[in-house]
Protein chains: 4
Amino acid sequence: MSVFVNRIRSFFMVITDNLLSSLLTTRSHTEEICAPLQTEDYVVQPIVDVSPPKWHLGHTTWFFEEFILAKYKAGYTRFHDDFAYVFNSYYESIGKRVVRTNRGNLSRPTVSEVYEYRDYVTNSLHSFLEDVDDIEIRTLVEIGIHHEKQHQELLLTDIKFILGNNPLLPEYNATFEENPTVKLSSKYITIDEGLYQIGFKGDGFCYDNELGAHKVFIEKYSIAKSLVTNKEYLDFLSDRGYENSLLWHAEAWDWINSDNIKMPLYWHKVDGEYYQYTLRGLKKIDLNAPVTHISYYEAFAYAQWRGERLPTEFEWEAAQQFFDWGLRWEWTESAYLPYPNYAKAPGALGEYNGKFMVNQKVLRGGSVATPNNHTRPTYRNFFHPQLRWQFNGLRLVKNK
Amino acid sequence: MSVFVNRIRSFFMVITDNLLSSLLTTRSHTEEICAPLQTEDYVVQPIVDVSPPKWHLGHTTWFFEEFILAKYKAGYTRFHDDFAYVFNSYYESIGKRVVRTNRGNLSRPTVSEVYEYRDYVTNSLHSFLEDVDDIEIRTLVEIGIHHEKQHQELLLTDIKFILGNNPLLPEYNATFEENPTVKLSSKYITIDEGLYQIGFKGDGFCYDNELGAHKVFIEKYSIAKSLVTNKEYLDFLSDRGYENSLLWHAEAWDWINSDNIKMPLYWHKVDGEYYQYTLRGLKKIDLNAPVTHISYYEAFAYAQWRGERLPTEFEWEAAQQFFDWGLRWEWTESAYLPYPNYAKAPGALGEYNGKFMVNQKVLRGGSVATPNNHTRPTYRNFFHPQLRWQFNGLRLVKNK
Amino acid sequence: MSVFVNRIRSFFMVITDNLLSSLLTTRSHTEEICAPLQTEDYVVQPIVDVSPPKWHLGHTTWFFEEFILAKYKAGYTRFHDDFAYVFNSYYESIGKRVVRTNRGNLSRPTVSEVYEYRDYVTNSLHSFLEDVDDIEIRTLVEIGIHHEKQHQELLLTDIKFILGNNPLLPEYNATFEENPTVKLSSKYITIDEGLYQIGFKGDGFCYDNELGAHKVFIEKYSIAKSLVTNKEYLDFLSDRGYENSLLWHAEAWDWINSDNIKMPLYWHKVDGEYYQYTLRGLKKIDLNAPVTHISYYEAFAYAQWRGERLPTEFEWEAAQQFFDWGLRWEWTESAYLPYPNYAKAPGALGEYNGKFMVNQKVLRGGSVATPNNHTRPTYRNFFHPQLRWQFNGLRLVKNK
Amino acid sequence: MSVFVNRIRSFFMVITDNLLSSLLTTRSHTEEICAPLQTEDYVVQPIVDVSPPKWHLGHTTWFFEEFILAKYKAGYTRFHDDFAYVFNSYYESIGKRVVRTNRGNLSRPTVSEVYEYRDYVTNSLHSFLEDVDDIEIRTLVEIGIHHEKQHQELLLTDIKFILGNNPLLPEYNATFEENPTVKLSSKYITIDEGLYQIGFKGDGFCYDNELGAHKVFIEKYSIAKSLVTNKEYLDFLSDRGYENSLLWHAEAWDWINSDNIKMPLYWHKVDGEYYQYTLRGLKKIDLNAPVTHISYYEAFAYAQWRGERLPTEFEWEAAQQFFDWGLRWEWTESAYLPYPNYAKAPGALGEYNGKFMVNQKVLRGGSVATPNNHTRPTYRNFFHPQLRWQFNGLRLVKNK
């Protein structure tokens, strides 16, 4: 086992059982997410944060081609010479790429060419992996699987944006339940002050940003058992929360005024009643579902209005065993920063997480769009504070 | 014949023979232009000036539905209630619409739905027109036909931009010849000073902006028999014409610097040689073809460099019988302004031309992309001075 | 007399009597315009079109230094090496310069240094001209005088903007009457169709853009004896003219909506009554004064609403002897284009006019802010169609 | 003592000895900072982050008028009714205000009127305070003093930007030494892991963001005794640190490319040698002075290049007794976030700090521009990560 693998393995903890079957399941799940789409839905990019579905299909494929097949498979021929340019996302060290704002301008390669590309790479991996037990390569495959799972969630939220931004408000899938009714509880769990272990330890996969398990001293606090619901959030609207500058960060106040923000993303007020676009089409607001598609700014303002606050990511992690989570990514008060002893992986893989550690907030938990087995108590998701197209929500905290 | 018809007819001169056959031919020609496209090519909008092909298909259909079927056909049911919103282009007086910058964000309606919409409206018109000889309605149909022909040229130039902006530079059609070799001539035709009749007179269709035939006094001038060729334009590049501020308008100089303009649109310099993207794919520059895809600013700077100038639209019209035209839309020095006695048509049709009569330059002639029988000696095309994606070119004039 | 002078003289017609006295009067008049200012008023640039008064003071001085003293006066030492960089306006061929948007960021040179610079250059010119009767140099001095007079009007309108944009709305000068009551007349003067001589001919100074006198054929029209008044313009507001899209150019409609334009510049609606900021401070609208501080777009929309139109610059020139003018620069329908046979002066002076001949509209006449003897029947002023900070107004025309 | 005072005092810890003398000293020190300025220097705003000096003079005065005199002094008459509008900075809850981007467009009130305003308010406070021993009011005065001291540092850095951005590069003051030579040391101080007390405790003034002293667990680390010097930073330039994407955050990489950042602010490369604009004018780089005018992004990239990192604000605070500080504000890796138990002050004073707690980085220490007695070991300064016009620098940390 090479030194290189040791180093990679120290950044991304992995477990390698059933790697091939895990790979094939993941690859086909991505395609299942796209099954309800029309060809046209694969192409558009209504805002810069949203990528066209065919780009996700190609990019996750390029990742395997670039980092594994081209490097390790003898005699491997790339599917198409120009695809690296088209499907590289942000790896500056790998070469030129289509800038993110232009992904929606590309009609070619076509959707069926992208599916051919997927098949070609999946098949190449399949035959390649049957003969390989090099731990270095297997580690990279596992990283590729997790990378693709991350994109599965983005793919679904991007699809929702593409359809929900369309004036025809088409349905994606009649059975996808994004708004499960939750058992309401006004209970808070009290956690004592003390030193808590934070970060990933043990076996299984994790990202480099979770590593470096370390102790954090936390003061006593109480954290809500339930997520904030639509019903509760509507009270904030009724009380004109969006018009009270004292509840908002200065940058948030500028943002809601310049972008004319008055309610969560996908909400529509029609004849005095609130509706929300869901993956099943336009529906009346479901009062008992947890509020979602709000920015950090809105989560913060809501908490201010309640006289409470958001948890830090450490408070969340220390308490997460005492409540249910996974319906909404939960905004925390924590900025996305490196843990003590964090170090970037060498080379291009080092661009995976570290270079985003500024100006973003951490979200914890998971959501109705998160693939199976993709999240865990130490998982650190992160987005800019104004972004709303993920299934984001919030949970409140009180001091003592 | 109603007063209204008289008024409409006085704005748009028409001839109504074979109206139905003309309609059907036009409708299917639009679809033929799209035949080489992949579904994905119908959807994207790489720059604001370019519309997605499916938008052109829908918009030309909406025009017939909105201005004819919905108004005059008893019991007509619109194909879809929301399509007016999606496919209205700029008629403020007709209602809300998708803003132009967002057309490329819409994956729905799908391409096949748009084709169904086309068929529905074409068939409705077909059955409707068999029974109608009302001159008012027939006039509106003729306007609709010419409107669709205008969009056929835009459709082709938009398709060229969509494919030519793609890093894969796909071919549109192996047989479309956009760069015919022209018989070079250095001859100039001299036209004597005098009063010349300008504008449309007589039978047949024309737009309101050509009407109001009137006299213009023109001084003696000489106009080139040939368009400027790629070979001649390359001399301007070699002489560093793009770096000499004295040749350019102030706004042009800002534009070439901020947009890093160094050669015509679609030109690529590869290993010291010039290539151009054409509808047949990337080709070496054809030296004897007329230069194209240049802005007014570039045409003007080129003429300055030659010590000559562009013709006015009046000079062009007075001399056009003495030279061949129709390969390139020819930039003129004239601003797009109303002729004496110009008046807008009443209501929404009045938005057709008049409201664009500021900040644009007139182009005369026609191009390899202009549909048959769509242009004429009095036809006034117009674009903003920096735009290049039409098949634009130039012809020089000398004083005396 | 050198060939060069012949060429310069053919671009700028001049008369050289009393040149020195004319120079000195002009130089001191510029300073008189600034007399009511506080030091701070000389420095700011609230919008890109407005230059700081001290920049005007320096720039008109630099013009004499650069084009005359540095070239022709033996042993002349520039006042300061860096001032050419600071005070060049737009002469690309002369060298680098402070870009226009940054003029208001410069606190140095101070106002008193700029006055020292003025004195230094005026005195140098004074002593130099006593010994010079070279016609070439005297021609350049005359151009410099007219250049400075042009800046005098800009200086005054820029001062008005600087003070009128200040929340304290300070008075500039208690006696400056910008709103003379005009004798109202509803009369129109009818002008017969025919060939009219247009452009400058004869002695005296003119700019290159007026030269090339030529014949223009004009159809019969009637032109109003009076300018449109505030009272008349208020009727347009009352009739919701700013809300009726059919009256406006497409670009105008975008502009009034994005910039929230609802009335002329400097108008304020306070408790249901209209006020206007004037150089004498905030005053009630003077109903019988000619409307001013409107854009071409507003002038055009007003004319549309009246069912009339703006004159072309040729119609204006052909009729100007039959009405009074000089209170407001009168928007015409004409685009700012070269006359037949127009040619740019050689070198940097050629940048004076020609490079602005695109995307601008011609204004004719003069205004309450125009210096004595600075305008004439053939004078062609020009601005972009949305600009309003000059004393612009309009006069109506009817066909026949 | 009212409940309100208790609440205010719990947000801003104060000591009230010699309050009047402290007030008067502070007020005149602000004016001393401006003494070398020309009137024109008080007016301009070259970038949005920099305010015109006269705005600082007025704003610090308005703070006392608005929060103290207008509320507590019987019969107090405001100096001018419109000044609240002109000089309010960002207190949304206090009323309308000149938006920050427009401060440099205001020539009035003049500099001498602003000085009159200062005198009026200082004198009013003077007479008022002689009779007042109400602790609530005295607390507010102390807050006003500290507020003005904060602005003193901004005033000086804004003056530096105004002069250093001027092409004439004028000197501010021949004796101001901003680049003291530091005794170089390559030593690192090692701090053991443990629980450390963070935040303000005890007597004296502090801001609300320092309160809530609390324990933080820190792992073992070593922190440099010296700041990074110009000499050391030049090695980073020589090694093409600005061209190596792997050293930079993704947003930093976009920023250095779009803004063409290649060296610290105020550095100029002339004929192969580096110079820096200082308050004493343009000087050769002083190799042994600590590097300054760098952004967080540059500090981070430099540390990456060294294979080390920036301290967290907690590491800085725990170790600060072992090194000298106060020459440069030291960028930390910490985001500006509320301490546990942080709560905003009620009403407008609550806008002081809390609403900025997103997207900013904490700086610790102080600088050559910090007023006497204005900083302390717990002081938390904060700026956006790309800002460079403060006297910012960096100190390195190694793990273990």
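**Exercise 1. The two domains of chain A**

Find where chain A is divided, and work out which elements of domain 1 touch domain 2.

*Solution.* Start with the bounds: in this predicted model, chain A splits into domain 1, residues 3-164, and domain 2, residues 188-399. Next, take the separation of the two parts: the C-alpha centres of domain 1 and domain 2 of chain A are 27 Å apart. Now look at the contact itself. Counting residues whose C-beta atoms lie within 7 Å, domain 1 of chain A brings 25 residues and domain 2 of chain A brings 24 residues. On the domain 1 side, the elements that give two or more residues are helix 1 (3-11) and helix 6 (135-164) of chain A. Helix 6 of chain A supplies the largest share of that side, ten residues. Finally, sort the domain 1 side by class: twelve residues are nonpolar, six are polar and seven are charged.

**Exercise 2. An annotated span**

Which residues of chain A does the UniProt annotation "domain: DinB-like" cover, and how much of the span is helix and how much is strand?

*Solution.* First, read the record: the unreviewed UniProt entry places "domain: DinB-like" on residues 24-153 of chain A. Then check the secondary structure of residues 24-153 of chain A, which is 58% helix and 0% strand. Last, compare the ends of this span: their C-alpha atoms lie 18 Å apart.

**Exercise 3. A sheet in chain A**

*Solution.* Now zoom in on one pair: strand 8 (residues 329-335) and strand 11 of chain A run parallel and are joined by two bridges. To place yourself on the structure, find A:Glu330, whose bridge partner in strand 11 of chain A is A:Gly393.

**Exercise 4. How chains A and B are related**

What rotation superposes chain B on chain A, and through which surface do the copies meet?

*Solution.* Step one is the rotation: turning by 180° with 0.1 Å of shift along the axis superposes chain B on chain A, with an RMSD of 0.0 Å. In chain B, the C-alpha of B:Glu40 is nearest the axis, at 3.0 Å. Step two is the contact, where 25 residues of chain B meet 25 residues of chain A. The chain B side has 13 nonpolar, eight polar and four charged residues. Step three compares the sides: 100% of the interface residues of chain B are also interface residues in chain A, so the copies meet through the same surface.

**Exercise 5. How chains C and D are related**

Describe the symmetry that relates chain D to chain C, and find the residue of chain D that comes closest to the axis.

*Solution.* A rotation of 180° with 0.0 Å of shift along its axis puts chain D on chain C, at an RMSD of 0.0 Å. The two copies are therefore related as by a two-fold rotation axis. D:Glu40 comes closest of the residues of chain D, with its C-alpha 3.0 Å from the rotation axis.

Note on methods: Residues are numbered from 1 along each chain as its sequence is written. Chains are lettered from A and ligands numbered from 1 in the order in which they are written. This is a predicted model: local features need pLDDT of at least 70, side-chain atom pairs count only at pLDDT 80 or more; totals for chains, interfaces and linings use all residues. Copies are superposed by least squares on the C-alpha atoms of residues with pLDDT of at least 70 in both. Two residues are in contact if their C-beta atoms, placed from the backbone, lie within 7 Å. UniProt positions are given in the numbering used here, feature names are shortened, and annotations may be inferred rather than shown by experiment. Helices (H or I, at least four residues) and strands (E, at least two) are DSSP runs, numbered from the N terminus. Ala, Val, Leu, Ile, Met, Phe, Trp, Tyr, Cys and Pro count as nonpolar, Asp, Glu, Lys and Arg as charged, and the others, Gly among them, as polar. Two strands pair if DSSP finds at least two bridges between them. Domain bounds come from an automatic or database domain assignment.
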